Amino acid sequence: MSKGKSTPLGRVRNHGAAAEGTGHFVGQRVSAIALLILATWFVLSAALTMDGPTYLAAIDFLVSPVNAVGVILLVMVALYHMRIGMGEVINDYIARPFTKVVLLLLNALVPLVIAAGALFAVLLVNFGA
Amino acid sequence: MAGATRPERPLSPHVSIWRWHVTMATSILHRVTGVALYGGMILFCFWLMAVAAGPEAYEPFGAFLAGPIGQIGLYLIVAAFAYHLANGVRHLVFDTGNGLKPADAETTAWFAILFAVAAPIGLWALVTFGG
Ligand code: HEM
Ligand code: HEM
């Protein structure tokens, strides 16, 4: 492959959207396997241990160290997984460059902000005054 | 170019010749449930923040979740999750090169749909009647 002779356009052609495909592909699968365990654990243990969606039940659930760590991991891995996935959906369906860039930017920022808020919330419940 | 006779070329894919397969439904449902879970995860994070904000701030959130719309919403999120999970496992198996024969892919497709219907019903039965 005479990579040195090709133009930037030639190098990009036939390599997918931005040559990021493999990293995203692997990240999506690794996070999928982690979520298989984490999200299933949360759904089952929340449904079986919480006595309805009350404030006290929620606090009780979140002050257990195992539950707190599990929820933190779930939030981080899920937001990573859904960000890659939604990036692919946006790339597939949105053709207008401006709209696409705005949506990709939102998709990059919103999960990050939400994750920061959620992690701070779990810490506050455990260590707050 | 070839005058009056049309060239005898293969015209693949035969866009107008097809029949319905479950695998079409599983494909698009994976995407639909993935996007639904995106919303579900954001709600989940807001729920965590509402808990941290204290009992008064949590009140309306908890009331919404306990009400009919909240309960139906939770049920649908669990169903979307069950589907995305079962079909996600299919995807992971496909990635190893297995299960791709049309007959196998259709069998597992029906299994994923069955799981998505049965799992939330089972979970609700367990929560409601399990003690
Ligand atoms: C809370 C949980 C989850 C969220 C918010 C979520 C969200 C998403 C989204 C938005 C996509 C992109 C859909 C598309 O491109 O068509 C996706 C893809 C995917 N998800 Fe999830 N997901 C979650 C859990 C899981 C779990 C538990 C598994 C595995 C068992 C899984 C396996 C996959 C796989 C394999 C893909 C890639 C499919 C493909 O290549 O087209 N996901 N997910
Ligand atoms: C009922 C019919 C169809 C459904 C429900 C469907 C659904 C989907 C979905 C959900 C994806 C994203 C999947 C993924 O990323 O793993 C996709 C990708 C794609 N589909 Fe379809 N599709 C259908 C028919 C077709 C047909 C007839 C063609 C072409 C003639 C086609 C060509 C493609 C291509 C090229 C991609 C992109 C693959 C990639 O970027 O990795 N699809 N389809």
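## Contacts of ligand 1

In this predicted model, a nitrogen atom of ligand 1 lies 2.8 Å from an N or O atom in the side chain of A:His81. The side chain of B:His84 likewise has an N or O atom 2.8 Å from a nitrogen atom of ligand 1. For A:Arg29, an N or O atom of the side chain is 3.1 Å from an oxygen atom of ligand 1.

## Iron site

A:His81 and B:His84 each coordinate the iron atom of ligand 1 through NE2, at 2.0 Å; donors are N, O and S atoms within 2.8 Å of the metal (3.2 Å for Na, K and Ca), and water is not among the atoms, so sites may look incomplete. The arrangement is octahedral because the 6 donor atoms subtend angles of 88 to 179 degrees at the iron (six donors count as octahedral if opposite donors are over 155 degrees apart and all others between 65 and 115).

A:His81 is buried, with a relative accessible area of 13%, and B:His84 is buried at 16% (buried means under 20% relative accessible area, with a 1.4 Å probe and protein chains only).

## Surroundings

Ligand 1 lies between chains A and B. Around ligand 1 there are 22 residues, each with a heavy atom within 4 Å; A:Gln28 and B:Arg31 are among the closest.

## Basis

Residues are numbered from 1 along each chain as its sequence is written, with chains lettered from A and ligands numbered from 1 in the order in which they are written. Local features need pLDDT of at least 70, side-chain atom pairs count only at pLDDT 80 or more, and totals for chains, interfaces and linings use all residues, while side-chain values use heavy atoms, leaving out hydrogens and water.

Methods. A polar contact is a pair of N or O atoms within 3.5 Å; within protein, one must be able to donate a hydrogen and the other to accept it, and residues adjacent in sequence count only if both atoms are side-chain atoms. Four donors count as tetrahedral if all angles lie between 85 and 135 degrees; four count as square planar and six as octahedral if opposite donors are over 155 degrees apart and all others between 65 and 115; anything else is irregular. Buried means under 20% relative accessible area, exposed over 50%, partly exposed in between (1.4 Å probe, protein chains only).
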